[in-house]
Amino acid sequence: MFNYLEPPNAYYEFERIYSVEQWQKKQRWIANYLCKHQPDIIGFQEVFSSESLKALVKSQGYDYFAVVDEPIVIDDFIYKKPVVAIASRYPIVDIAAVKPDLELAKTLGLNADFSFSRKVLRATVDVPHLGNCDCYVVHFKSKRSMIELDERNKSLSPEQTIIESLKAQVAGSWGSTIQRGSEATLLMIDMIARREATTNPMVLMGDFNNSLADGVLNHLLTNTLRFVSTIDRDAYLAKYCLHDAWDLFQSVLTNEAANNTANNALESNDASPKNKVNETNKDKVVRTPTHYFGASSSVLDYILLSCEFDASYHDSLYQVSAYDTYDQHLINPIFERDGESTDHGIALVTLTLRS
């Protein structure tokens with residue numbers, strides 16, 4: 001949401017207050033996105049004014065809305081530490097803030113009072129044809145250094161200030177990485193325990209502030225299990241592990257292309273359909289980034305799904321039939337339309353019932 005805070009309140013610093021025009025433009029942008037794309041369930045990050053957001057999504061047909069935390073307010077009108085939220089067209093039958101396993105946190109060498117940098121929201125949504133589905137909304141710790149140097153310290157020479165800034169950046173960035181990876185780990189442990197207790201399908205969505213591929217968060221997509229039989233391994237991995245919705249979508253496309261190629265080959269008596277499948281997959285679709293920083297870009301925002309949404313799983317009900325990342329406001333912004341939008345691309349998946 002990129003600092004969704006109703007004026008005359010300020011976010012982080014006293015001069016950061018939206019004008020009436022800016023606030024109306026921000027709300028209009030959100031409403032236009034919802035009206036155009038019509039998501040049934042949507043997760044939000046960086047929410048300061050939850051009641052205002054609740055009213056906004058209500059006007060767009062979302063009767064169900066929830067948060068599990070409140071931002072911190074200092075000096076009566078300056079807000080910090082925004083929260084996550086969820087809106088749904090389907091009934092939200094249960095809501096909770098995920099609590100980390102503190103005994104496990106201690107075992108991992110973390111503080112005994114470890115907490116998520118932003119509370120993780122779990123909403124149980126009554127989804128058509130599926131029943132209760134646990135939807136998790138996250139905003140993992142950012143890569144920003146958790147150590148801040150006091151640049152007003154006059155006892156340091158300019159050279160010493162630079163050196164201390166470097167040390168703070170190195171150590172503070174690693175500290176943020178530890179926090180982010182630990183949040184993902186403890187969340188995943190809670191999700192496994194919840195799944196064991198309820199068997200509810202799972203959806204995990206939000207700003208991960210990290211690529212899933214670089215090792216810090218890739219355990220969210222665990223696909224190996226040691227020291228068990230192949231049959232048990234495959235069954236338990238399928239039941240308790242998550243899949244990147246993008247990968248599931250690519251698998252659906254690959255299977256459809258293979259089927260179409262095979263059918264065309266049969267119709268034309270082509271003796272080598274396999275080669276055509278390989279040719280079809282030769283130009284693989286490139287994933288659209290969700291975040292841009294200078295000349296670089298990356299995917300930081302994800303939707304992860306349990307096996308009920310995996311078309312290759314024999315008991316799945318849904319499949320990922322479309323995957324869209326909306327980023328026009330980032331790559332081709334129009335000020336009148338996008339001036340108060342968001343600094344991330346928006347990931348949207350379409351799930352359809354399997355025939």
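I shall go from the overall fold to the aromatic pairs, and then to individual residues.

The model is predicted, so local features need pLDDT of at least 70 and side-chain atom pairs count only at pLDDT 80 or more, while totals for chains, interfaces and linings use all residues. Residues are numbered from 1 along each chain as its sequence is written, and side-chain values use heavy atoms, with hydrogens and water left out.

Let me begin with the whole protein. It contains nine helices and 16 strands; these are DSSP runs, H or I of at least four residues for helices and E of at least two for strands, numbered from the N terminus. The radius of gyration is 23 Å, close to the 20 Å from the globule rule for 355 residues, so the protein is as compact as a globular protein of that length. That radius is taken over C-alpha atoms, and the rule is 2.2 Å times the number of residues to the power 0.38. Along the principal axes, the C-alpha trace spans about 80 × 50 × 45 Å.

Of the 355 residues, 43% are buried. Buried means under 20% relative accessible area, exposed over 50%, and partly exposed in between, with a 1.4 Å probe and protein chains only. Taking contact as heavy atoms within 4.5 Å, 71% of the contacts between residues at least 6 apart in sequence join residues at least 24 apart.

I turn now to the aromatic residues. How many aromatic pairs does the structure hold? There are 16. Rings of Phe, Tyr and Trp (its six-membered ring) pair if their centres lie within 6.5 Å; planes under 30 degrees apart count as stacked, over 60 as edge-to-face and the rest as tilted. Tyr11 and Tyr18 have ring centres 5.4 Å apart and planes at 40°, so this pair is tilted. Both Tyr11 and Tyr18 are buried. For Trp29 and Tyr33, the centres are 6.4 Å apart and the planes stand at 15°, so that pair is stacked. Trp29 and Tyr33 are four residues apart in helix H1 (residues 20-37), a separation of about one helical turn, and both are buried. Ring pairs also join Tyr4, Tyr11, Tyr12, Tyr18, Trp23, Phe48 and Tyr79 into a cluster.

Next, helix H5, residues 230-240. Its buried residues are Leu237, Ala238 and Tyr240, and their cover includes helix H4 (158-198) and strand E10 (202-207).

Thr325 belongs to strand E15 (residues 318-326) and is buried, at 11% relative accessible area. Beyond its neighbours within four places in sequence, Thr325 contacts Thr288, Pro289, Thr290, Gly345 and Ile346.

Glu308 sits in the loop between strand E14 (301-305) and E15. Is Glu308 buried or exposed? With 13% relative accessibility, Glu308 counts as buried. Residues up to four places away in sequence aside, Glu308 touches Leu130, Arg195, Thr199, Pro201, Ser316, Leu317 and Tyr318.

Finally, Asn332 is found in the loop between helix H8 (328-331) and helix H9 (335-338). Asn332 is partly exposed, at 46% relative accessibility. When residues up to four places away in sequence are not counted, Asn332 touches Arg337 and Asp338.

Thank you for your attention.
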